[in-house]
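Dear colleague,

I am handing over the structure we spoke about, and I would be glad if you kept it open beside this message while you read. My notes on what was found follow directly after it.

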Amino acid sequence: MHADALEGLALKVQYNGDQVLKITPQTSSQADFLQDISNQMQLDLWMPRMPEAIIPGTEVHVRVPFSLVQNLKEQFHQREISFEVLITDVQNIIDQRTMTAPRKPSLSLADFDYTKYHPMHEIYDWTVRIREKYTDLVTLHYLGETYEKRPIFYFKVGWPSDKKKKVIWMDCGIHAREWIAVAFCQWFIKEILENQNSNPVIRKALHNVDFYVVPVLNIDGFIYSWTTDRLWRKNRTPYNNGTCYGVDLNRNFNASWCSIGASNSCTTLTFCGSGPNSEPETMAVSNLVESIKSDILCFLTIHSYSQLILLPYGYTQDPSQNHEEMLTVAQKAAEKLKDRHGTPYRVGSSSHILYSTSGSSRDWATDLGIPLTYTFELRDNGTFGFELPEIQIKPTCEETTDAVLTIVDYVNEKYFNGATSLFFAGLRTNLCFSFIIATYYSLF
């Protein structure tokens with residue numbers, strides 16, 4: 001049996017008794033204390049990702065090993081730092097998925113279950129079946145290879161044309177443990193293929209643009225999260241003679257690389273690598289995107305969790321050149337997303353509503369001149385964190401598809417109708433729009 005086919009049978013790293021705590025420091029001294037212990041104890045921060053981003057009034061989610069839980073809670077009580085337990089036993093949450101009855105491999109694409117998480121060997125098989133079924137609309141292309149020599153593929157989805165077509169880019173699975181992001185990419189492919197005739201937004205887009213979709217970018221890390229460590233985040237490149245492994249691929253792009261919100265230590269979750277594009281995965285994306293940058297109208301990168309639509313920039317407080325346009329489109333996407341299941345999303349620049357970070361693919365794509373660039377942080381807000389139950393895959397993917405298609409509709413109307421649709425024109429001509437933008441920045 002191929003090694004990848006063993007994914008998910010037995011995780012080697014256990015999190016028995018580990019808890020995820022939610023803490024909101026109220027004072028500078030409390031925030032400083034949380035920063036210090038996060039650094040000293042090398043705690044796994046789920047929100048924000050860097051200790052330096054912990055500030056008064058900002059919610060903190062942190063996984064605390066069982067051996068430290070009681071002592072840390074006592075220290076919180078001594079310093080009058082209030083907290084609540086989001087997850088009482090991390091391993092129990094993981095086991096709820098891994099102990100489910102094994103499923104038989106699907107024999108056809110019609111049997112593929114998009115409401116389940118799938119290991120990499122099943123995703124590889126799925127990509128081939130998608131290509132074989134939709135030969136008139138889909139081609140499968142080689143993007144590059146991972147450090148461990150696994151092939152990275154991307155779909156090119158769109159109707160053939162005699163003219164050069166524009167591109168909408170989407171990638172998923174940059175961070176290994178964010179399984180819902182990978183599930184969404186698969187769902188989105190299914191949606192645009194199955195609804196190519198019935199949905200006018202999809203039908204129009206497929207005639208005018210090609211969707212370039214990377215279902216899993218960090219394949220080595222993704223497989224490792226199935227076989228060994230469910231909460232692994234980075235890729236699997238060895239550093240310091242193999243004493244530590246992995247680079248945070250979303251800190252490795254050439255966008256003010258490693259200047260803020262990233263670490264130059266390979267032992268940390270936000271290690272930025274030895275240089276911009278030091279990793280084969282980010283280099284593969286950079287080579288392709290830079291070669292077609294003038295054709296890309298929209299760049300979407302899918303992550304979890306926090307329920308956010310993030311705009312550039314992360315490495316500066318300054319807005320992007322077309323910030324007002326991007327903010328308006330994202331707000332409408334968030335409204336459409338909420339209409340489906342009532343899930344609230346926040347919208348704004350990463351440095352304003354989340355934390356400062358450098359080296360992200362979103363900011364790098366913006367610096368290349370791509371007009372619309374967004375990071376989606378999918379469900380949830382911390383109840384399950386990276387262990388989002390499979391029962392939430394379908395609603396998460398449904399609402400996110402609604403949001404993405406709202407952006408696609410804007411691309412359709414702006415670039416291929418000669419005028420903005422009434423749907424968006426109403427927003428643009430709203431007399432309150434400039435006031436909204438001014439208010440937005442006055443908050444910071």
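In this predicted model, helix H1 passes helix H2 in a right-handed crossing. The axes of H1 (residues 28–40) and H2 (residues 66–78) come within 12 Å and cross at roughly 160°, and since angles over 145 degrees count as roughly antiparallel, the two helices are therefore roughly antiparallel to each other. On the side of H1 the contact is made by Phe33, Leu34 and Ile37, while H2 brings Leu72, Gln75 and Phe76 to it.

A second pair to look at is helix H9 (residues 323–341) and helix H12, which pack at an angle of about 145° with their axes 8 Å apart, and whose crossing is also right-handed. Among the residues that make this contact are Val329, Ala333 and Leu337 of H9, together with Ala403, Ile407 and Tyr410 of H12.

The buried residues of H6 (residues 200–208) are Val201, Ile202, Ala205, Leu206 and Asn208. At the start of this helix, a side-chain oxygen of Asn199 reaches to within 2.9 Å of the backbone nitrogen of Val201.

Which residues touch the most other members of the largest nonpolar core? In this core of 94 residues, they are Ile130, Val157, Met170, Phe211, Tyr374 and Phe376, and the element that gives the most to the core is H5, with twelve residues. If you select Ile130 and leave aside its neighbours within four places in sequence, you will find this residue in contact with Leu109, Tyr114, Val138, Phe155, Ile189 and Leu193. There is also a second, separate core of 16 residues, which includes Leu34, Leu45, Ile54 and Val60; Leu34 is one of the residues of H1 in the contact with H2 described above.

With best wishes

Terms used
Residues are numbered from 1 along each chain as its sequence is written. This is a predicted model: local features need pLDDT of at least 70, side-chain atom pairs count only at pLDDT 80 or more; totals for chains, interfaces and linings use all residues. Side-chain values use heavy atoms; hydrogens and water are left out. Buried means under 20% relative accessible area, exposed over 50%, partly exposed in between (1.4 Å probe, protein chains only). Helices (H or I, at least four residues) and strands (E, at least two) are DSSP runs, numbered from the N terminus. A polar contact is a pair of N or O atoms within 3.5 Å; within protein, one must be able to donate a hydrogen and the other to accept it, and residues adjacent in sequence count only if both atoms are side-chain atoms. A nonpolar core is a set of buried Ala, Val, Leu, Ile, Met, Phe, Trp, Tyr and Cys residues joined through side-chain atoms within 4.5 Å. Contact means heavy atoms within 4.5 Å. Axes are lines fitted to C-alpha atoms, for helices over the stretch in contact, and angles run from 0 to 180 degrees between N-to-C directions. Angles under 35 degrees count as roughly parallel, over 145 as roughly antiparallel, 65 to 115 as roughly perpendicular and the rest as oblique. A crossing is left-handed if the near helix is turned anticlockwise from the far one by less than a right angle, and right-handed if clockwise.
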